[in-house]
Amino acid sequence: MKNLKDIGKRLWVSTLSILLIGLMIGFSSYPIMKGIILITFMGVASVAMWEYIQLVKAKQILLSIPLLISSSVLLIGAFFCAAQFPFFIKLPIFLFFVLLFFIFLTKFGSIENSIEKMALSSFGLLYTTIPIGMLLMILFSNHGVFWFIYLIAITKVTDAAAYFGGRLLGKTPLCAISPKKTLEGAFIGFVVAILISLLFSYSPFLTWKEALILGIFIGSIGQIGDLAESLLKRDAKVKDSNTIPGLGGILDMVDSLLFTIPILFFFL
């Protein structure tokens, strides 16, 4: 009964979140809304990075919170500039390597575990912030609202179909990382992703062949993204990446998106 209450709470919060996101996206062409979207993305990236740092902390490794969160904010700002002004298209890549330089500098006074901390800091930016920045660029690309809705819809419908399909028909465990996930649920999520993707091919922006290919990749790699975050949490021995009421954590919400965003980004 408790699980059902938790699911109900998360569904309500998720629905409200989707409605708020929908309002922002619908008015994303207005200058004031662009600023709100930028601040929102910076906030999401910062919380995601903080949650990642806490997962690493559970392994007795302390990363610099000010350095990594400020780096996330700067990178999101760089992606926003790149999305708005073609002149800055290479700014996110340039800034990422500048930030790597500063990550090295911060370890010059403390040699102990430097390799480990620098590797984990760099991975944190690649895992959380870079995909979120890519999503910002997708939103402000040509027909960006369509592509944003397409990506969110396919990824989240896949998650839901895999979850409920596994609950109803699942019998075969998928892997040790997440014992409750099943092969049957994963297959149902995969098939539903393809079907929903094909529905989007009725738009003028996507052919049925492109929809099929994207559906295959998003339907499979999105589930790998879900398992990837589960792997991090199980290693850190935590249930959720955060304790936000009705949500758990930001990483719990965007885990599959962190893997599907780059697919659509490079496709476009």
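**Why these labels? Questions on a predicted model**

Me: Where is threonine 155 found?
Reply: Threonine 155 sits in helix H6, residues 144–169. A helix here is a DSSP run of H or I with at least four residues, a strand is a run of E with at least two, and both are numbered from the N terminus. This is a predicted model, in which local features need pLDDT of at least 70, side-chain atom pairs count only at pLDDT 80 or more, and totals for chains, interfaces and linings use all residues. Residues are numbered from 1 along each chain as its sequence is written, and side-chain values use heavy atoms, with hydrogens and water left out.

Me: Why is threonine 155 called buried?
Reply: Its relative accessible area is 2%. Buried means under 20%, exposed over 50%, and partly exposed in between, with a 1.4 Å probe and protein chains only. Threonine 155 is therefore buried.

Me: What joins the side chains of threonine 155 and threonine 260?
Reply: A polar contact of 3.1 Å joins them. The term needs a pair of N or O atoms within 3.5 Å; within protein, one must be able to donate a hydrogen and the other to accept it, and residues adjacent in sequence count only if both atoms are side-chain atoms.

Me: Which residues does threonine 155 touch, not counting residues up to four places away in sequence?
Reply: They are Ile218, Ser256, Leu257 and Thr260. Contact means heavy atoms within 4.5 Å.

Me: Is isoleucine 261 buried or exposed?
Reply: Isoleucine 261 has 2% relative accessibility, so this residue counts as buried. Isoleucine 261 lies in helix H10.

Me: How far apart are isoleucine 261 and proline 131?
Reply: In sequence, 130 residues apart. In space, 6.0 Å, C-alpha to C-alpha. Leaving out residues up to four places away in sequence, isoleucine 261 touches Pro131, Met134, Leu135, Ile138 and Leu151.

Me: How many residues of the lining of the second largest pocket are nonpolar, polar and charged?
Reply: The lining has 17 nonpolar residues, no polar and no charged. Nonpolar covers Ala, Val, Leu, Ile, Met, Phe, Trp, Tyr, Cys and Pro; charged covers Asp, Glu, Lys and Arg; the others, Gly among them, are polar.

Me: Which element gives the largest share of that lining?
Reply: H5 does, with seven residues.

Me: How many helices and strands are in the chain?
Reply: There are ten helices and zero strands.

Me: What share of the chain is buried?
Reply: Buried residues make up 44% of the 268 residues.
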